[in-house]
Amino acid sequence: MNNTREIAIGNVKIGGDNPIAIQSMTNTKTEDVKATVEQINRLAAAGCDIIRVAVPTMEAAKAISEIKKQINIPLVADIHFDYRLAIAAVENGADKIRINPGNIGNMERIKAVVDKCKEYNVPIRVGVNSGSLESGLVKKYGGVTAEGIVESALDKVRIIEELGYENLVISIKSSDVLMCIKAHEIISKKTDYPLHVGITESGTVMSGSIKSSIGLGNILYQGIGDTIRVSLTGDPIEEVKAAKLILKTLGLRSGGITVVSCPTCGRTQIDLIGLATAVEELVQDYDHLNIKVAVMGCVVNGPGEAREADIGIAGGIGEGLLIKHGEVIKKLPEGEFISTLKYELDNWNN
């Protein structure tokens, strides 16, 4: 892992030797406390460690106080343009604020925000996206580049450091996956601040998950990154699911059930697609189990592959074999696959 300094965001620590934390962002109106709390608690149950909310109005900033009373994970306030919203968010209990000093205003306003964060010991996430790169840096580097993004971010960090504050997290994002990878490789050699990593504006659940997996996979595999968000156009729950799977695949997070399933082919005589989808949904509630579940569609490779898992189903013609620890337990009709698997998971090791 890249050797970064430790930063506390509420009761979650990132950087240092701490595990990589998963973040997401609500898509509710923050002013709607009930809807926002409900979504945050669903995200927390799915495995979200840190949540971010948009703060476009003073009403939203003040809502943080009530939201905080009803959630159990740290809350980050996302502020653009109006420095007064950042101050109000901190005063109302935000555990971290996300700002781009370049769009907050003059030095007097930036100082007012930094002084308030210093007073409450609230970390500042300095966020720079490729889409907001300053024209001077675009001209210097002949376009939007990884080098320009890094320089922009470190310039913003220096502004805050010169105001006497170093409780910082850096975020540099781009929708260009290769540019994002290169930018993180560069910045990891220039600073020891924790890095919040993600591919911004990555797209829908399918395309965004693929782009994020490639980008985050490359970055995290190099030991770079302390907290991540998979940005998707869809239900934020999908962001958390994707982030968990990326971390598990890289060996950076343990626990939870891994599902393996074969591709469909002409030999398949059960609803394998529906079955695999239902199994993936089922196992979301079993984070305490660190096991592998196999879902196989036919008798050619199915029994052998299923035997390599802790538990598996190998399909036949409208029926299948339940295999546990390499042994065939019983044959069961297709309609009983999910209920039987749920019973086995509920009673695992009992």
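A residue is called buried at under 20% relative accessible area, exposed at over 50%, and partly exposed in between, with a 1.4 Å probe and protein chains only. By that rule H325 is exposed, with a relative accessible area of 52%. The model is predicted, and local features need pLDDT of at least 70, side-chain atom pairs count only at pLDDT 80 or more, and totals for chains, interfaces and linings use all residues. Residues are numbered from 1 along each chain as its sequence is written, and side-chain values use heavy atoms, with hydrogens and water left out.

The barrel comes first. Eight strands close into it in the order β3-β4-β5-β6-β7-β8-β9-β10, with parallel pairing. Neighbouring strands of this sheet are turned by 25° against each other on average, direction ignored. Helices (H or I, at least four residues) and strands (E, at least two) are DSSP runs, numbered from the N terminus; two strands pair if DSSP finds at least two bridges between them. Axes are lines fitted to C-alpha atoms, for helices over the stretch in contact, and angles run from 0 to 180 degrees between N-to-C directions.

Strand β5 (residues 75-78) shows how the pairing works out locally. Its partner β4 (residues 50-54) is parallel to it over four bridges, and V53 stands opposite A77 of β5. The chain passes from β4 through helix α2 (residues 58-69) to β5 in a right-handed β-α-β crossover; right-handed means that, with the strands pointing away from the viewer, the path from the first strand over the helix to the second runs clockwise. β5 also pairs in the parallel sense with β6 (residues 96-99), over three bridges, where I97 is the bridge partner of A77.

The loop between β5 and α3 holds F81. This residue is exposed, at 59% relative accessibility, and its phi is near 75°, a positive value in a residue other than glycine. Most residues other than glycine have a negative phi. H325 has a positive phi as well, near 50°, and lies in the loop between β14 (319-324) and β15 (327-333).

Neighbours within four places in sequence left aside, the residues in contact with Q23 include C48, I50, K96 and I228, contact meaning heavy atoms within 4.5 Å. Helix α9 (residues 236-249) lies across β3 (21-25) and β10 (227-229), at about 160° to β3.

Helix α10 (residues 272-282) has the buried residues L272, L275, A276, V279 and L282. Seen down the axis of α10, these fall within an arc of 125°, so they line one face of the helix; the arc is that of the directions from the helix axis to the C-beta atoms. An α-helix has 3.6 residues a turn, so residues three or four places apart point the same way. The buried residues of α10 pack against β11 (258-261), β12 (292-296) and α12 (337-346), while the face turned away from them carries the exposed I273 and T277.
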